[in-house]
Amino acid sequence: MIIKCIKLQQQSPVLEGIGWHNVEDHLTISKLYVVLAIKEEYGLPWVLICDDVSEQLPSKFPYFIPMDYFEIVDDSPSQYWVKKDNMVGFKELVEDKHFYYNLSEESEREYDIYMQYKKLIF
C-alpha cells in the first residue's frame, strides 16, 4: 500500500485530545510513503510508515501516524501482511503485542525482523 501526504496539520478533536496535531518535522507534503501496517485506534485508522526522520536515520523505528494526513495512492496490500484484531501488518508485529514497544526500545531481535520486512515490502 502506498499513501501520499496531503497535510501537515490536523484540526480533529480526537487527534487534538491525544496530542496529534502537527507532523511538520516528520512528513513532506506530496511525498509517497510505503505502509508497513495499519491499525485502528481511538476510532481512527493509523498507518505505520518510515517517516522522514526514520528514513534519514536508519536506526530509527517507523511510526504510526493517523491516516488523516494522507490519501491512498495504491491500496494493494502487501503479500506479507496478516490480520489480527485491529491490525494488519507483518506477522511478528501483528501477533506479538510487545513487538512495536521492543522495536522502539532498540531490541536487536525486533530491529532485525523489522529490517527484513522493510526490505521485502519496499
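The model is predicted, so local features need pLDDT of at least 70 and side-chain atom pairs count only at pLDDT 80 or more, while totals for chains, interfaces and linings use all residues. Residues are numbered from 1 along each chain as its sequence is written, and side-chain values use heavy atoms, with hydrogens and water left out.

**Salt bridges**
- There are four salt bridges, each defined as a side-chain nitrogen of Lys or Arg within 4 Å of a carboxyl oxygen of Asp or Glu.
- One of them joins D52 and K31, with the closest N and O atoms 3.1 Å apart.
- D52 lies in helix α2 (residues 52-56) and K31 in the loop between α1 and β2, so this pair ties together parts that are 21 residues apart in sequence; helices here are DSSP runs of H or I with at least four residues, and strands are runs of E with at least two.
- D52 is buried at 10% relative accessibility, whereas K31 is partly exposed at 26% (buried means under 20% relative accessible area, exposed over 50%, partly exposed in between, with a 1.4 Å probe and protein chains only).
- E110 pairs with R109 at 3.0 Å between the closest N and O atoms; E110 is buried at 4% and R109 partly exposed at 48%.
- E41 and K39 also meet in a salt bridge, at 3.4 Å from N to O.

**Residue K39 and the largest pocket**
- K39 counts as buried, at 14% relative accessibility.
- The residues lining the largest pocket include K39, F64, D85 and Y100.
- Helix α3 (residues 91-95) gives the largest share of that lining, three residues.

Note on methods:
1 Å grid on protein atoms, 1.4 Å probe; cavity = no way out; pocket = protein on both sides within 12 Å on 5 of 7 lines; lining within 4 Å.
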